[in-house]
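Hi there,

Here is the model we talked about, ready for you to open. My notes on what turned up follow below it.

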Amino acid sequence: MSKDQNQKLKQKGIVMKKFLIPIIALLVIFGLNQNIFAQRDQYKGRQYQRENNFEKLNLTTEQKSKIEALRLTNQEEMIKLKSELELKELELRKLKSSDNFSRKDVLNLTKEINEARGKIELARANHRMDVYEILDENQKKIWNETDRNPGFMKNKVNRKLMQRKMQTD
């Protein structure tokens with residue numbers, strides 16, 4: 001191969017790199033954005049469904065204000081309970097990263113974490129029942145029809161997340 005041919009091949013390689021790198025970068029960015037948009041759309045879908053279900057109930061102004069007050073109280077309680085859970089989980093991670101820890105310490109913290117999770121689930125169930133008790137008989141029928149198998153997908157996702165988390169611990 002002559003020097004001119006080598007130089008032409010090198011120039012073609014440089015030109016190809018100049019075009020391929022930006023194209024690959026755009027494809028990667030586009031792929032990541034699609035995942036982000038899909039998650040956002042999924043959230044919007046759940047929120048729309050929740051709002052649509054409340055519209056079906058045809059709530060009175062008084063019921064709406066009572067439910068809003070319950071919702072705000074519940075959100076405040078959930079923030080406290082979730083922070084308690086996160087602190088216990090952090091404490092367990094700190095314990096496991098220390099040089100010396102005992103079975104008793106790990107089991108005690110695990111028990112406290114499970115109790116914190118139980119408090120969250122209990123608060124969630126109590127809130128749902130508080131809202132349910134505000135409804136009249138017709139609204140309760142509609143609630144029960146729209147609330148079939150609540151949280152099935154959420155629980156499935158949570159199980160997968162917990163499995164991943166346990167594998168990393």
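This is a predicted model: local features need pLDDT of at least 70, side-chain atom pairs count only at pLDDT 80 or more; totals for chains, interfaces and linings use all residues.

Q139 sits in helix 4, which covers residues 137-146. Is Q139 buried or exposed? With a relative accessible area of 4%, Q139 is buried, because anything under 20% counts as such.

Which residues does Q139 touch, once neighbours within four places in sequence are left aside? They are L57, N58, L59 and Q63. Two of these partners come with polar atom pairs. The side chain of Q139 makes a polar contact with the side chain of Q63, at 2.7 Å. A polar atom of the Q139 side chain also lies 3.3 Å from the backbone oxygen of N58.

Helix 4 has a helix partner as well. The axes of helix 3 and helix 4 cross at roughly 140 degrees and come within 8 Å, and that angle makes helix 3 oblique to helix 4. Helix 3 brings R128, V131 and Y132 to the contact, while helix 4 brings K140, W143 and N144. By class, that contact has three nonpolar, one polar and two charged residues.

Helix 3 (residues 103-134) also packs with helix 2 (residues 61-97), at an angle of about 170 degrees and with the axes 9 Å apart. Helix 2 is therefore roughly antiparallel to helix 3. The contact of helix 2 with helix 3 has 15 nonpolar, four polar and 14 charged residues.

Happy to talk any of this through once you have had a look.

Best wishes

Conventions:
Residues are numbered from 1 along each chain as its sequence is written. Side-chain values use heavy atoms; hydrogens and water are left out. Axes are lines fitted to C-alpha atoms, for helices over the stretch in contact, and angles run from 0 to 180 degrees between N-to-C directions. Helices (H or I, at least four residues) and strands (E, at least two) are DSSP runs, numbered from the N terminus. Angles under 35 degrees count as roughly parallel, over 145 as roughly antiparallel, 65 to 115 as roughly perpendicular and the rest as oblique. Ala, Val, Leu, Ile, Met, Phe, Trp, Tyr, Cys and Pro count as nonpolar, Asp, Glu, Lys and Arg as charged, and the others, Gly among them, as polar. Buried means under 20% relative accessible area, exposed over 50%, partly exposed in between (1.4 Å probe, protein chains only). A polar contact is a pair of N or O atoms within 3.5 Å; within protein, one must be able to donate a hydrogen and the other to accept it, and residues adjacent in sequence count only if both atoms are side-chain atoms. Contact means heavy atoms within 4.5 Å.
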